[in-house]
Amino acid sequence: MIPSITNVRNWTPAVLHDRALAVDGLTCVLGGARDEYATTASTLWQSWVGRAAEAAEDHLDREHRHFRAIAEELIAVSDQLRRADTALTFAVLSARNAIANAERNGFTVDDSGITAGPDTGAPETAIEHAEAIRAAIQTVGELDDHYARALTEIVTNLLEIIPKGAVLSPGEAAHDWASLTDGTLDADEIGRLLSNLTAAGLDGNALAALAAGNEISMLPAGSIRYLEEFYRQGGTDGFLALQHALEQDGSPRAVAAGQALASGILTLSNENVVDADGQRGGWDRLPADVRDLVRLNPQTPPPATLSEFLDSRSPFERERLEGTAGAAAVAHAAMLNDPGDDYAQRVGLQNDFWRYVAAADGVPGTQLATELVRAAATQVELVAADPPERTVVSDAAYRFPGDVGESLLDVATRNNEANARILTDDFDGDGTPDSRRDTVLDPLFAHEWHDEGASLGRLTSWMTDDALAAHATGDTGSPDFDRRDRADRAALGLATYLSDPDHYERFMDMHGPDSSNLGEVNPELLHAASRGLVGYIPHLAGIDTDSSEWGTRALESSDAGDKRFVHAQRVFSLMATGQDANTTFMGGALAFQESYDHVFVRSLVEPDKWGMISPDTAAAGNSAHIQALIDTGIYGAALEQSRDQENIANFVAERRNQAYDVGYTMMRNAVASFLPANFTVGMGRTCSILLSGTSSRFPRHRRRTTRSR
């Protein structure tokens with residue numbers, strides 16, 4: 001194809017050189033993967049013998065030949081791109097010189113040729129220039145066509161030898177499941193499983209976007225329906241059986257397949273995941289027995305008939321029971337005889353299932369995440385109940401795992417939309433309170449967690465980070481106001497929950513009068529809450545911000561006319577009960593306070609835009625207010641723990657020293673010229689940078705059940 005004059009003027013042949021370098025990089029990546037593959041296999045074969053090892057070796061040999069053939073074609077692509085770069089660079093330069101020669105002689109050159117020339121110019125001169133330009137441009141076009149054909153031929157060969165991508169459909173899913181559960185699990189079947197689940201899965205960038213609340217529509221056609229049918233075929237029992245088989249295999253590919261198997265559940269559950277067919281993930285896409293397992297409740301009566309019992313099992317489990325004469329009837333009779341034992345076993349199954357999912361990457365859908373948090377609350381509430389209150393669950397049969405609920409929370413709290421709905425008591429997301437928050441959060445906050453509240457803490461730790469990220473993550477580079485407002489609402493919801501009088505009293509004495517507080521029983525939970533709220537210290541103090549959710553004194557609205565900020569004082573006092581929480585939260589508060597001081601001092605020495613010295617009394621008042629909340633908060637925590645004046649003084653001194661150490665570090669690293677308009681954002685960013693370094697700065701007090709006054 002002959003290019004136009006404009007094409008030649010704008011031609012950038014150097015792009016071909018850049019493309020050649022990119023292909024070289026891809027070839028290197030491919031070579032590195034091949035070498036790693038071979039090294040892993042040679043290490044494995046030192047202790048692996050037999051027919052399976054021989055089959056795997058044959059498979060590796062085929063893969064090696066594929067690697068080599070693909071690499072050769074990529075090298076050919078790179079060589080052709082470099083030849084095209086060299087040839088076209090000179091051809092384009094020649095054409096541009098011909099155009100420039102004509103223009104230097106007074107001729108006008110555009111896409112239609114030479115359109116004007118000097119009055120004294122001879123006609124034959126114009127013809128000579130036109131012919132020179134035409135010949136040069138024709139050479140460019142011929143070279144371009146030549147190298148395009150050569151590259152097309154190489155790429156066609158490359159496409160023929162590259163293994164074809166997975167064809168995703170419900171029928172393919174059923175076929176895959178049948179091959180995986182036929183009693184054998186060889187390397188090729190594992191490879192096929194990994195390939196298909198990877199094709200229907202999300203990469204790291206997509207997961208990050210999903211975590212930020214964005215919709216993902218990059219999945220290939222058929223992905224959602226493939227995943228839906230694949231997990232329906234196995235259900236919970238089949239999922240666990242396949243995970244155990246992959247663990248037994250132990251090869252690197254089996255480990256990767258197990259991760260992909262777990263991640264696929266989260267992909268399928270997420271309402272913001274859409275494939276090329278327009279099929280969307282969601283709660284209803286999950287297998288019925290997975291949903292039933294999430295909503296497991298001891299109040300639900302067991303299936304009364306054998307038919308109902310079999311209908312409640314997964315296809316995988318039902319096939320197993322019906323495969324042995326009388327097995328289904330025996331299992332159903334055992335359930336009816338001791339429903340408590342069956343319930344306890346189902347809870348164990350529930351925790352095993354979500355423990356596998358928690359070990360994989362992914363973001364659950366909003367409804368699944370909300371349901372998992374409610375399920376965790378149900379389980380820990382039953383653990384805390386006296387035996388007579390456990391309804392159908394007999395005390396002897398109540399064999400919950402020690403970390404009951406933690407795996408559910410590990411998965412659920414990855415979805416910040418669900419976290420926000422729970423903290424704001426808006427479980428269905430319609431913007432109106434549901435009056436369910438306390439029912440869910442009370443048993444979760446009161447439970448003494450094996451991980452000290454770390455799993456639950458992710459429900460409360462994200463708001464400051466999300467509010468900061470929202471200032472730079474809009475599609476056009478402008479703030480993402482929806483994301484920021486969601487974080488603001490959630491932070492206000494958490495502060496409201498913690499500062500409620502009944503909750504505050506319970507969190508200060510978790511096991512009754514004069515007993516351990518929240519910071520001693522679940523220090524990681526409180527530390528997470530401090531990270532979530534540290535960016536909202538000005539909001540707690542009633543300082544004007546740009547938040548439409550908080551406004552001024554939003555937390556104190558229930559105390560009309562009360563200027564003491566009693567709710568904010570309770571939040572500050574709770575934070576002081578945990579060493580790590582105090583270090584993060586009070587250190588951040590002091591950094592805000594000292595920054596307001598800095599603004600006030602600058603106003604005393606630097607003229608304003610009118611050349612006048614105008615003391616910023618508002619900044620001085622803000623500083624004093626935050627300092628008062630710090631002092632009353634720490635003293636309130638000390639008073640809750642002891643009536644001994646020496647103990648109170650020692651506690652206050654320790655907590656203040658921790659806070660001042662971090663507060664000073666924050667100020668030292670903060671940008672010195674904060675303006676009041678971006679003050680909260682700037683200091684919040686400084687706080688978030690330092691949060692990761694505060695968790696182990698000071699030793700933690702030993703947990704105690706009761707305390708001495």
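The chain's secondary structure comprises 30 helices and four strands. The model is predicted. Of its 709 residues, 47% count as buried.

**Overall build**
- Among contacts with a separation of 6 or more, 75% join residues 24 or more positions apart.
- The chain has an accessible surface of about 33000 Å². Carbon and sulfur atoms contribute 53% of that surface.

**Nonpolar cores**
- The largest nonpolar core holds 129 residues.
- Inside this core, the residues with the most contacts are Phe-230, Phe-239, Trp-354, Leu-444 and Phe-445.
- Which residues does Trp-354 touch, leaving aside its neighbours within four places in sequence? Its contacts are Ile-265, Val-290, Val-294, Leu-368, Leu-372, Ser-407, Leu-408 and Val-411.
- A second core of 18 residues is separate. Among its members are Ala-84, Ile-99, Val-109 and Tyr-147.

**Surface patch**
- Val-155, Leu-159 and Ile-162 make up a nonpolar patch on the surface. Together they have about 240 Å² of accessible area.
- Where does Ile-162 lie? Ile-162 sits in the loop between helix H4 (123-161) and helix H5 (170-180).
- Ile-162 has a relative accessible area of 33%, so it counts as partly exposed. Patch residues need over 30% relative accessible area, and Ile-162 has 33%.

Note on methods
Residues numbered from 1 in each chain as written. Predicted model: local features only at pLDDT ≥ 70, side-chain atom pairs only at ≥ 80, totals over all residues. Heavy atoms only, no water. Helix = DSSP H or I, 4+ residues; strand = E, 2+ residues; numbered from the N terminus. Buried < 20%, exposed > 50% of the residue type's maximum accessible area, 1.4 Å probe, protein only. Contact = heavy atoms within 4.5 Å. Areas by Shrake-Rupley, 256 points an atom, 1.4 Å probe, with all protein chains shown as cover. Patch = residues over 30% accessible without salt bridge, like charges linked within 9 Å, V, L, I, M, F, W, Y side chains within 5 Å. Salt bridge = Lys/Arg side-chain N within 4 Å of Asp/Glu carboxyl O. Core = buried A, V, L, I, M, F, W, Y, C linked by side-chain atoms within 4.5 Å.
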